[in-house]
Amino acid sequence: MKRMGMIFRAKANKALDRAEDPRETLDYSYQKQLELLQKVRRGVADVATSRKRLELQLNQLQSQSTKLEDQGRKALALGREDLAREALSRRAALQQQVTDLETQHATLQGEEEKLTLAAQRLQAKVDAFRTKKETIKATYTAAQAQTRIGEAFSGISEEMGDVGLAIQRAEDKTAQLQARAGAIDELLASGALDDPSGMHKDDIQAELDRLSGGTDVELELQRMKAELAGGTSQAIGTGGGSSGGQQALEGGESQQQSQQQPQDTPRFDKQ
């Protein structure tokens with residue numbers, strides 16, 4: 001039970017420490033000090049009120065004492081010694097009350113002075129605490145802001161940690177999908193998986209297509225070479241035909257000249 005109680009108190013202390021805000025605690029302490037200062041001021045006012053009431057009573061008693069003294073003098077002047085004695089007796093009793101009230105008045109006056117001094121000191125402490133409180137609150141707020149900025153830049157804050165975890169999960173899922181897509185392509189290429197659409201070809205067909213594609217290219221290249229070679233030979237043949245025709249014409253002219261020359265020879269022989 002002691003251990004359970006200690007664990008419970010430790011957990012409660014940790015929860016309270018996490019929930020505690022020093023600025024709120026300082027404001028609460030300042031509020032309590034103001035309440036205490038207000039109580040001290042009310043105490044000073046109450047003591048001053050009591051002192052004032054004693055002063056009023058003293059004034060009344062002194063007035064009665066003076067009145068009794070006057071009455072005793074008048075009684076003596078009229079020859080009534082008994083009345084004068086009674087007046088003086090009453091005056092003596094009132095004088096005792098005046099003495100007691102004066103003692104109480106002095107005591108209350110001393111208490112009032114003490115309370116007034118305590119109120120002044122407490123007021124000074126409250127003012128100093130208020131200044132210190134505001135300084136601590138400003139420093140705490142600045143430190144808290146600086147800590148949050150540093151945590152945000154370093155990525156260790158709670159919000160940035162959630163963002164980092166989301167990015168990491170997205171990267172992991174993307175890598176997993178890429179690996180799965182690559183594995184499926186390899187399996188389809190190796191023929192381990194069948195493509196129901198019929199669009200994917202196995203490795204043998206892909207190799208045959210590659211070879212046939214290369215053969216078509218070679219055939220097209222040979223055809224182009226043949227066309228180029230045929231055009232060159234035709235140009236050469238055309239040039240030979242023109243020279244042969246020219247030779248034929250020259251041969252025809254020489255034959256005509258040879259045929260005309262025997263006819264002219266007899267003419268020269270006859271002459």
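**Figure 1. Overall view of the predicted model and its confidence.** The protein averages a pLDDT of 77, with 72% of the residues scoring at least 70; pLDDT is the predictor's confidence in each residue, from 0 to 100. This is a predicted model, so to speak of local features we ask for pLDDT of at least 70, and side-chain atom pairs count only at pLDDT 80 or more, while totals for chains, interfaces and linings use all residues. Residues are numbered from 1 along each chain as its sequence is written, and side-chain values use heavy atoms, with hydrogens and water left out. There are five helices and zero strands, running α-α-α-α-α from the N terminus on. Helices (H or I, at least four residues) and strands (E, at least two) are DSSP runs, numbered from the N terminus. The accessible surface comes to about 21800 Å², and carbon and sulfur atoms own 56% of that; areas come from the Shrake-Rupley method with a 1.4 Å probe, and for residues only the protein chains shown count as cover. Buried residues make up 11% of the 271 residues, where buried means under 20% relative accessible area, exposed over 50%, and partly exposed in between (1.4 Å probe, protein chains only).

Figure 2. Confidence is lowest in helix α5 (residues 203–270), at a mean of 59, and highest in α2, at 89. Over residues 240–250 the pLDDT is below 50, and this stretch has zero contacts in the model beyond near neighbours in sequence; contact means heavy atoms within 4.5 Å. Residues 252–271 also stay under 50 in pLDDT, with zero contacts beyond four places in sequence. Where pLDDT is low, the predicted coordinates should not be read in detail.

**Figure 3. Helix α1, out in the open.** Of the 18 residues of α1, the number buried is one, so this helix lies largely in the open. Helix α1 (residues 2–19) should span 26 Å at 1.5 Å a residue, and its end C-alpha atoms are 25 Å apart, which agrees. The expected span of a helix is 1.5 Å times one less than its number of residues.

Figure 4. α2 has 56 residues and reaches 82 Å from its first C-alpha to its last, close to the 82 Å expected. After α2 comes G79, with a positive phi near 85°. The 74 residues of α3 should span 110 Å, and its end C-alpha atoms are 106 Å apart, which agrees. The buried residues of α3 pack against α2; among them are A84, A87, L101, A119, L122 and V126. For the protein as a whole, residues 24 or more positions apart account for 73% of the contacts with a separation of 6 or more.

**Figure 5. Close-up on L94.** L94 lies in helix α3 and counts as buried at 12% relative accessibility. Leaving aside neighbours within four places in sequence, L94 is in contact with L61, Q64, S65 and L68. L94 and S65 are 29 residues apart in sequence, yet 6.3 Å apart in space, C-alpha to C-alpha. An α-helix has 3.6 residues a turn, so residues three or four places apart point the same way.

Figure 6. R51 is in helix α2, and L108 is in helix α3. R51 is buried, with a relative accessible area of 18%. Not counting residues up to four places away, R51 touches H105, L108, Q109 and E112, and L108 touches V47, S50, R51 and L54.

Figure 7. A search of the whole structure finds one aromatic pair. The rings of Y30 and F129 have their centres 6.5 Å apart and their planes at 15°, so the pair is stacked. Rings of Phe, Tyr and Trp (its six-membered ring) pair if their centres lie within 6.5 Å; planes under 30 degrees apart count as stacked, over 60 as edge-to-face and the rest as tilted. The pair links distant parts of the chain, with Y30 in helix α2 (residues 22–77) and F129 in helix α3 (residues 81–154), 99 residues apart. Y30 counts as buried at 15% relative accessibility. The charged end of K133 sits over the Y30 ring, 5.1 Å from its centre; this takes NZ of Lys or CZ of Arg within 6 Å of the ring centre and within 35 degrees of the ring normal.
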